[in-house]
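Welcome, and please have a look at the structure below.

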There are 2 protein chains.
Amino acid sequence: MTPLEFRLSSRAKAFKASEIRELLKLIGHRSMISFAGGIPDPALFPVALFQHAWRHVFGGPSIAREALQYSTTEGYLPLRQWLAAHMNTLGVPATPDNILITSGSQQGLDLIGKLLLDPESGVVTASPTYLGALQSFSAYEPCFSSLDAPQLTGPAAPRLVYLVPDFANPDGRTMSKTARHQALDQAKALNAVIVEDAAYSALRYDGEDIPAIASLDARLAGSIESTRTLYCGTFSKTLSPGMRIGWVCGPTALIRKLTLLKQGADLHTATTNQMVMHHVAAACYDAQVARTRVVYKARRDAMLAALARYAPPGLKWTKPEGGMFIWLELPDHIDADLLLPQALRQDIAFVPGAAFHADGSGRNTMRLSFSLCDEAQIEVGIFKLCSLIAKAATARDDVLTFAST
Amino acid sequence: MTPLEFRLSSRAKAFKASEIRELLKLIGHRSMISFAGGIPDPALFPVALFQHAWRHVFGGPSIAREALQYSTTEGYLPLRQWLAAHMNTLGVPATPDNILITSGSQQGLDLIGKLLLDPESGVVTASPTYLGALQSFSAYEPCFSSLDAPQLTGPAAPRLVYLVPDFANPDGRTMSKTARHQALDQAKALNAVIVEDAAYSALRYDGEDIPAIASLDARLAGSIESTRTLYCGTFSKTLSPGMRIGWVCGPTALIRKLTLLKQGADLHTATTNQMVMHHVAAACYDAQVARTRVVYKARRDAMLAALARYAPPGLKWTKPEGGMFIWLELPDHIDADLLLPQALRQDIAFVPGAAFHADGSGRNTMRLSFSLCDEAQIEVGIFKLCSLIAKAATARDDVLTFAST
């Protein structure tokens with residue numbers, strides 16, 4: 001029964017399971033007020049429209065056989081056409097040649113890492129940033145540096161600047177138009193590619209839309225073909241994550257290279273899913289986004305109100321204009337990793353913030369998601385969580401003993 | 001409109017589009033007798049069962065919401081249970097912990113490359129071998145060597161031995177039980193992992209089943225946990241390729257590492273597809289395999305008979321016991337790349353063999369697939385192809401001028 005020892009790649013040796021993720025997985029099936037997962041409320045999925053779309057795609061033997069057969073790596077043309085039109089509504093002058101369909105936007109990140117990164121290549125991210133992006137890029141063994149203090153020269157000079165400009169995972173922050181222009185200028189100076197992760201961009205609850213970086217880039221460059229932005233989109237936060245349909249939009253030359261890399265990675269994204277998603281998106285995308293915004297706005301408001309009501313002194317939090325996340329900064333001496341088991345015993349889940357920092361900092365931070373709980377649960381959950389934080393803030397010794405429980 | 005120049009990874013610089021693939025793509029929609037693609041006949045897809053499965057998975061709001069939601073990276077448990085039982089029928093004592101669901105077996109190959117290969121790590125393959133495996137592994141910049149003459153020492157000492165033991169793509173050959181044992185011994189001596197690509201294994205038309213390498217390995221090791229074989233399976237050749245469902249079966253320690261790498265690559269395989277495929281496989285896998293064998297056996301027989309009837313002197317071909325492919329060796333001086341445009345003008349397609357050789361040899365070879373054409377088309381197609389080859393064999397100058405047409 002002893003596993004053999006093999007020579008693994010250096011990337012694989014560095015990968016290890018996140019203890020937090022494992023902990024949260026174990027408790028996933030208990031009755032729990034979960035602020036942990038950044039996942040959409042399944043009650044919002046447009047089930048009837050998906051049913052209708054499956055009936056359509058399996059409506060006759062000829063279309064059903066097309067849905068069950070191999071298809072092209074770049075993706076189903078009607079879906080790419082729909083997405084090109086969608087990108088145009090965002091100010092990005094795309095044609096279907098500028099679109100690659102991916103198996104979720106996570107695959108977009110992986111393929112972009114594969115395209116651009118050699119060992120020790122530079123990657124610039126915000127800090128904190130999306131854990132899954134750190135994971136994807138890490139497979140190509142780059143050097144991470146922070147947006148505020150990028151390493152600018154040498155072999156680690158950045159090739160890739162990763163940004164989540166709208167309602168970022170994990171901190172809910174939105175980049176101003178000025179900050180987007182500055183990021184573009186910085187990327188130009190470095191001759192780096194910008195990866196614009198737009199996972200949450202459709203979910204704005206207040207304030208004015210700010211143009212996508214891809215759109216600012218195209219406006220300045222005069223053509224999408226001379227841009228440096230790879231826009232990663234997804235249907236996971238609006239229509240369905242379980243269908244695994246995302247896309248990358250960018251200059252044709254890079255899209256073609258990404259297509260070749262995708263061919264080696266999984267040949268193509270499931271044909272059926274692309275046909276069904278095209279049907280559903282064409283039928284309801286705007287209405288679905290509008291409906292989702294109403295529900296999540298109320299939950300965000302409930303969480304902000306509960307925090308204002310129950311937060312102990314010294315607790316700070318972000319006030320996102322959209323998305324799914326509020327970011328908490330606890331008093332310096334509290335370690336959110338150690339607070340988690342305590343919270344789980346009271347049936348409250350969250351994600352400690354250290355995992356979102358490439359440099360391991362942020363131990364006194366946590367991410368709360370408001371997408372999955374209704375207002376009453378949010379009220380109860382925030383009350384309990386704030387009580388725990390208050391207790392930890394006033395009783396250092398208690399907190400430190402969490403480690404052994 | 002000028003694309004910008006970016007610093008790409010060294011792997012991406014080396015990747016280029018296959019001219020042959022591009023050529024075949026262009027003619028895909030014309031009326032054509034195609035022996036080119038290694039793709040299943042869509043007329044064989046169990047469409048009614050897929051329709052039934054979709055109705056089941058979208059039969060109520062609760063199950064539909066599960067199908068549309070995120071799920072675990074390792075895959076849908078009932079499907080992993082079904083696959084573990086399936087692996088046991090093949091003599092591989094697997095539990096669900098030994099199974100990772102992948103987005104087609106192509107993704108299995110990519111993740112295994114990611115797990116094992118650093119730049120210049122050794123990979124041993126047959127020659128010729130599956131083009132897609134060469135593509136997947138190439139992304140990790142290994143050194144390829146041939147099964148007959150592996151490089152045994154130094155940094156390029158093989159970490160991975162890639163085998164397609166049954167009815168191989170592209171040459172249709174099957175490894176004997178002795179050859180499988182020898183490959184295991186060789187892998188043991190090298191402390192390498194064996195990747196057993198079983199894409200075609202279910203499609204046997206004559207002769208006795210030969211045990212999977214994974215099964216021989218487990219029998220000798222006494223437990224799957226002490227094996228060195230990663231078995232890559234797929235539903236693409238039996239139930240549907242467009243659903244993109246494959247699996248890797250192997251020791252838990254390696255499956256866990258692959259699961260972490262998959263998380264960064266695409267989070268998980270589409271939930272819906274796993275649920276539907278479980279339903280369809282449980283309902284009809286054995287019957288569907290039996291039905292498919294009858295049809296493809298008749299086509300293989302028709303192609304072998306037509307070759308026997310029409311082949312010019314000097315043409316050699318394999319006689320596969322299963323799968324989808326017959327491999328042709330033309331007289332030495334004929335270049336199959338140059339023959340292809342000539343064949344396409346007569347509405348016949350095939351894949352020239354050079355692409356399947358990591359070292360660029362095999363220019364006088366070609367792969368013919370018999371899975372997509374009926375017997376009458378096969379008769380006509382082989383007649384025309386043999387006439388072309390005969391002409392090329394007797395008129396060298398004519399052949400050489402193909403290059404300029």
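## Strand E3 of chain A and its partners

In this predicted model, Thr125(A) sits opposite Tyr162(A), a residue of strand E5(A). That pair belongs to the parallel pairing of E3(A) with E5(A) (residues 158–163), which runs over four bridges.

E3(A) also pairs with strand E4 (residues 143–146) of chain A, again in the parallel sense and over four bridges. Here Val124(A) faces Ser145(A) of E4(A) across the pairing. To get from E3(A) to E4(A), the chain passes through helix H7 (residues 131–138) of chain A, making a right-handed β-α-β crossover.

## Which way the side chains point

In a regular strand, side chains alternate between the two faces of the sheet. Strand E3 (residues 122–125) of chain A can be read with that in mind: Gly122(A) and Val124(A) point one way, while Val123(A) and Thr125(A) point the other way. Are these residues of E3(A) buried or exposed? All of them are buried.

## An open sheet in chain B

Moving on to chain B, four strands make an open sheet with antiparallel pairing, in the order E9-E10-E13-E12. Strands E9 (316–317) and E12 (351–352) of chain B each have a single partner strand and stand at the edges, so one side of each lacks a neighbour in the sheet.

The partner of E12(B) is strand E13 (residues 365–369) of chain B, and their antiparallel pairing spans two bridges. Within this pairing, Val351(B) lies opposite Arg367(B) of E13(B).

Conventions: Residues numbered from 1 in each chain as written. Chains lettered and ligands numbered in written order. Predicted model: local features only at pLDDT ≥ 70, side-chain atom pairs only at ≥ 80, totals over all residues. Heavy atoms only, no water. Pairing = 2+ DSSP bridges. Buried < 20%, exposed > 50% of the residue type's maximum accessible area, 1.4 Å probe, protein only. Right-handed = clockwise from strand over helix to strand, strands pointing away.
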